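The sequence and the structure follow.

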Amino acid sequence: MSYLQTFQVFPYIPEPLKFLEVLANNLWWCWNLEAIELFRRINPRLWEESGRNPIVFSALVEQKKLDELATDGSFLNHMEEVRAKFIRQVIEPLGKKVQGPNKGKEVIAYFSMEFGIHESLQLSAGGLGILAGDHLKAASDLGLPLVGVGLLYTNGYFYQFLNNDGWQQEEYPKTDLYKLPVESVKDSSGNDLRIAVTGPEGAIQLMVWKIMVGRIPLYLLDTNIKENPPAIREINSRLYHSDSKVRLAQEVILGIGGMRALNAMGINPIVCHLNEGHCSFTNIERLAQIRSRYAVDLQTAMEINARTTIFTTHTPVMAAYDEFPFDQVKPYLVSFEKDLGLSADNLLKWGQMSHDKKENSFSMFVLGLQLSQYHNGVSRLHGSVARRMWSFVWPGIPEEEIPIYHITNGAHIPSWISIENFRLFERYLGRDWSLKPWNTDMSKRIEDIYDEELWRSHEMSRTRLIRSCRKRMVRQYGRRNAPKSVMKEAESVLEDDILTIAFARRFTAYKRSNLLFNDLNRFEAILKSEQYPVQFIFAGKAHPMDNEGKKLIQQIVHLARNPAYRHKIIFLEDYDINIARHLVQGADVWLNTPRRPMEACGTSGMKAAANGVLNVSILDGWWCEGYSTETGWAIGTGEDFTDQYYQDTVESQALYNVLENEVLPSFYNKTNGGIPSRWLSMMKASIRMALELFCAQKMVINYNQYYYTPAMEQYYDLIRDGAARAIRLKNYHERLREKWRDISIEMPVRKDRGPLRVGESLIISTIVHLGKLTPDEVDVELFYGQAKTVESIADGKTQQMKVTQDLGNGIYRYECSLPCQVAGRFGFTARVIPRADSFIKYTPGLITWV
């Protein structure tokens, strides 16, 4: 119909229940079990039917029920407890705030293409988004002055269902704003705020929505507004659009549009945290805003921007990073030529993978790296992998010194903990355990929990998981019009009291969901064991364009139809946060079999561990840090392979061995009234490990300590007195670039050529030609270590060399004493680097070796 106008009718909420509306419109409720239980107790059946969405739920509840609750003393007392907690954790000030001239408007801005906060909000495709959502929740718990910036998608991520042959199909459900706790951001006149970004076809108009995540506002940009033509409205139609032009437009909107939206709201992000390369255009707009706000030139703005920008990478796979042709990117940069004083062609060089003039590929990752000082991977191993992958960006820098570090991801434990464990932790750890789960004095009380209590709690979680699986299997078969006999069988799949192993994640080749089936004879022997019965639950989506991933799903579905495997293997469709929550709470074992080192982190295993679910995993990602013989099992010993076929053979056999010889016997070795004592000891160790080391609050504390706080301090220092320090740094940086080509360093010379013994020292000197630079502006370092080959050093270390003689004309003699602490064959050389912070120090080209 044409010119159809709509209106929304909301239920009438009696005055005593008004807080329910406040609660429903802040996603704080979704990680607070008392708040969830408050909604659920109104009508448990309708709560599930609503998809656990308070706004949808409120429209389903009869007015009569609301009127009854308004006089229900028990319900009102429960609500008052939740309200008091909400005030403490959301409304009242908490923690140290940013101190500056515009306190409250100067924030840390966290940019991400996706945010996984709750299943009712379809803004996430998987691990990256879940991590971003947990980051916001933890920041809220800690009271950080942070805002999130993302995109509102018309259809969100796809709904997965399988056809009769087990092949994945996709359906994109439309986002209904009336079912979400969103509000439009208004301008100073009270109208919907509008932001514009210049695209190839003209202006792209954007609307801004706000969702509150506890204390943290999440701002979402929307292209689906009437001012835009149909093609522009479709830009935000889907998360990770397959059309590269649309994908580029999304990333421009996120970065450039996101910064403009914050500026229009009067918010100044003094620190920007870019969650992956998708967000890198943030730098372009931020540079323009810094130039305008502080009346500085581009080079000075770059000194400020870099020192206040954090860039986090989440993937160890080069092909996963976005690259776009120059001719697609350039139209978005032309409008910045005036604001930045640089041509679009020169701006394109910021994202160029190499200095080859023929290259015309614009890397979002390189753009993010070049314009930021703080770079990190998301686990210790991933940091090492990232340094190796991106070492070419810093030619001449040894791999171990590449300025990409790591902060290991964490999981927001309160969002993923079972209600049974939550109650146990309240009783043994304290009522506020969820706000400081990393506190070792508190978490060690896990050992005080009676084995019987922890085991019964876990059994309840497993029973709930099995019941949920049965309901889902009935729905899946019903949608396919399965015969009644099959539907009846679906009602009894799986068993409540046998070892349950879960494998749930994105289905793609490197995650190797099929490793378990590499030797079907051994797998069948495990599955058919009467002494140690076991069952497997699989769930996960393949990317719509990943046919190899879809084949892996199909293989599992076909195996599950084998009469020998029936009721022992199931595949759950449409893996989402709700399914994940049931699995990490109710499984006994969390299985992870990636091809090392391609798993950047893998936070699902952390969520499982926090619930006492034991990990069986390849030593990759976070498990390299979390694994011990007390907390779970390793598949293999952390080897790296070049032959994938051989790797699969070796590691599948290792997996079968672990299951047969360790996991299954441990689970079924029950004494003391049917309780597996060794298993429970490992459960407690696993819970402690997850709480202390891998909670999201600990992760955000690390970001705050190592990145946010230093960046905020630098920001105020750099802009003070008309950006005087930033200007000095710019001048110094330019001087180094201009004069560095005159530097050379001669071969270091040993003072004593004789043999050396442990405990003696080696005196080494070298002649350095500094040209117009002075010794105060550079560091001359001896680079040494055990000789790996005649041309390379393993685990290189540096020793500062000092000026011992000014030889005139910018020539100096440097010397150092190198203590010989261990025996062996060593090598050394020397180099000159800038004496500066890491942004200047690691400028490509500012290093000279002998």
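## Backbone geometry in the loops

Asparagine 481 is exposed because its relative accessible area is 68%; exposed means over 50% relative accessible area, buried under 20% and partly exposed in between, with a 1.4 Å probe and protein chains only. Asparagine 481 belongs to the loop that runs between helix 20 (451-479) and helix 21 (484-490). Helices (H or I, at least four residues) and strands (E, at least two) are DSSP runs numbered from the N terminus. The model is predicted, and local features need pLDDT of at least 70, side-chain atom pairs count only at pLDDT 80 or more, and totals for chains, interfaces and linings use all residues. Residues are numbered from 1 along each chain as its sequence is written, and side-chain values use heavy atoms, with hydrogens and water left out.

Most residues other than glycine have a negative phi, and most peptide bonds are trans. Asparagine 481, which is not a glycine, has a positive phi near 60°. Leucine 494 likewise has a positive phi, of about 65°, and is placed in the loop between helix 21 and strand 15 (499-504). Leucine 494 counts as buried because its relative accessibility is 1%. A cis peptide bond, with omega about 5°, connects arginine 596 to proline 597. Proline 597 is found in the loop between strand 18 (589-592) and helix 25 (604-610).

## Aromatic pairs

The structure contains 40 aromatic pairs, where rings of Phe, Tyr and Trp (its six-membered ring) pair if their centres lie within 6.5 Å, and planes under 30 degrees apart count as stacked, over 60 as edge-to-face and the rest as tilted. The pair of phenylalanine 523 and phenylalanine 536 is tilted because the planes are at 50°, with the ring centres 5.5 Å apart. Phenylalanine 523 in helix 22 and phenylalanine 536 in strand 16 are 13 residues apart, and their pair links distant parts of the chain. Both phenylalanine 523 and phenylalanine 536 are buried. Ring pairs also join a cluster made up of Phe503, Phe507, Phe517, Phe523, Phe536, Phe538, Tyr565 and Phe571.

## Charged side chains

Two charged groups lie over aromatic rings, a term that requires NZ of Lys or CZ of Arg within 6 Å of the ring centre and within 35 degrees of the ring normal. Arginine 238 is placed over the face of tyrosine 172, 3.7 Å from the ring centre. Lysine 607 has its charged end over the ring of tryptophan 416, at 4.4 Å from the centre.

Lysine 541 occupies the loop between strand 16 and helix 23 (547-560) and is buried because its relative accessible area is 12%. The side chains of lysine 541 and aspartate 574 form a polar contact of 3.1 Å (a pair of N or O atoms within 3.5 Å; within protein, one must be able to donate a hydrogen and the other to accept it, and residues adjacent in sequence count only if both atoms are side-chain atoms). Beyond its neighbours within four places in sequence, lysine 541 is in contact (heavy atoms within 4.5 Å) with residues including Tyr157, Tyr159, Arg505, Phe507 and Tyr575. Glutamate 530, in the loop between helix 22 (520-527) and strand 16 (534-539), counts as exposed because its relative accessibility is 78%.

## Cysteines

The whole structure has 0 disulfides, a disulfide being a pair of cysteine sulfur atoms within 2.5 Å. Cysteine 695 is in no disulfide, and the nearest cysteine sulfur, that of cysteine 601, is 13 Å away. Cysteine 695 is buried because its relative accessibility is 1%.
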